[in-house]
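User: I am new to this structure and would like a short tour. Please show it first, then take my questions one at a time.

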Amino acid sequence: MMYAADPGEELPPQDETAAAAVDEHFMALALQEAEVAAAEDEVPVGAVIVHAGRVVAAAHNQRERLRDPTAHAEMIAVTQAAESLGSWRLENCTLYVTLEPCPMCAGAVIQARIPRVVYGADDPKGGAVRSLYRLLEDARLNHRCEIRGGVLADRCGAVLSEFFRRQRSLGKK
């Protein structure tokens, strides 16, 4: 299996004022995963999970390859991170994902207790973080997240737009 981001890659040295640069660094790794997905003719969404400044999971959509409707980048990354950390509780982790998570993936974030989610492009047709629903901020649930959207949004959106443009030109999807 091919991964663009190297699980185990460590956070570059930084101070607190460089938080935005850190988010962009890890989003760029998620974008590399999205590019791998596109090369595999999958919807180009990539995700990485970071714990203590280190990548513990890196994944991309694999629904077509696995013939599994749940094989979203976030779902695969959550499973990898749980295995890597030896716990289903992904406390002190940050999920970086190129597209706003859907309801299924937002539910996995809640179940895994991921405290922070950083995403790239908004998903006006299926987003469950800010666009259609606000699952990660719902006070009725037992877990809420810090959310930062729009990180490298133009690049994240462009990868998706180009993929679907190419699919339409080929008469697919």
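User: What span should the 13 residues of helix H3 have at 1.5 Å a residue?

Analyst: This is a predicted model, in which local features need pLDDT of at least 70 and side-chain atom pairs count only at pLDDT 80 or more, while totals for chains, interfaces and linings use all residues. Residues are numbered from 1 along each chain as its sequence is written, and side-chain values use heavy atoms, with hydrogens and water left out. Helix H3 covers residues 73-85, and its end C-alpha atoms lie 18 Å apart. The expected span is 1.5 Å times one less than the number of residues, so the two agree at 18 Å.

User: Which residues of H3 are buried?

Analyst: Buried means under 20% relative accessible area, exposed means over 50%, and partly exposed lies in between (1.4 Å probe, protein chains only). The cover over the buried residues of H3 includes E1, E2, E3 and helix H4 (103-112). Those buried residues are Ala73, Glu74, Ile76, Ala77, Val78, Gln80 and Ala81.

User: Which residue follows H3?

Analyst: The residue after H3 has a positive phi, near 70 degrees. It is Gly86.

User: What pattern does the protein chain follow along the sequence?

Analyst: Helices (H or I, at least four residues) and strands (E, at least two) are DSSP runs, numbered from the N terminus. The protein chain has 5 helices and 5 strands. Read in sequence, the pattern is α-β-β-α-α-β-α-β-β-α.

User: What is the order of the strands in the open sheet?

Analyst: Strands of a sheet pair through backbone hydrogen bonds, either parallel or antiparallel. Two strands count as paired if DSSP finds at least two bridges between them. Here the pairing is mixed, and the 5 strands run in the order E2-E1-E3-E4-E5.

User: How many bridges join strand E1 to E2?

Analyst: Strand E1 (residues 46-51) and E2 run antiparallel. Val50 has Val55 as its bridge partner in E2, and Val48 has Ala58. The hairpin has 2 residues between the strands, and Ala52 takes a positive phi near 55 degrees there. The number of bridges joining E1 to E2 is 6.

User: How many of the 7 residues of E2 are buried?

Analyst: Even so, E2 is mostly covered. The buried count is 6.

User: At what angle does helix H1 run to E3?

Analyst: Axes are lines fitted to C-alpha atoms, for helices over the stretch in contact, and angles run from 0 to 180 degrees between N-to-C directions. Helix H1 (residues 19-39) lies across E1, E2, E3 (93-99), E4 (116-121) and E5. Helix H5 (residues 153-169) also packs on the sheet, touching E3 and E4, at about 60 degrees to E4. For H1 and E3, the angle is about 55 degrees.

User: Which residues does Asp23 contact beyond its neighbours within four places in sequence?

Analyst: Asp23 sits in helix H1 and counts as buried because its relative accessibility is 3%. Its C-alpha atom is 7.2 Å from that of Val151, 128 residues away along the chain. Contact means heavy atoms within 4.5 Å. The contacts of Asp23 are Tyr96, Arg116, Val118, Arg148 and Val151.

User: Which residues does Thr94 touch, not counting those up to four places away in sequence?

Analyst: Thr94 is found in strand E3. Its relative accessible area is 12%, so Thr94 is buried. The residues touched are Val48, Ile49, Val50, Arg116 and Val118.

User: How many aromatic pairs does the structure hold?

Analyst: Rings of Phe, Tyr and Trp (its six-membered ring) pair if their centres lie within 6.5 Å; planes under 30 degrees apart count as stacked, over 60 as edge-to-face and the rest as tilted. Phe26 and Tyr96 form a tilted pair, 5.4 Å centre to centre with 40 degrees between the planes. Phe163 and Phe164 form an edge-to-face pair, at 5.1 Å and 80 degrees. The structure holds 2 aromatic pairs.
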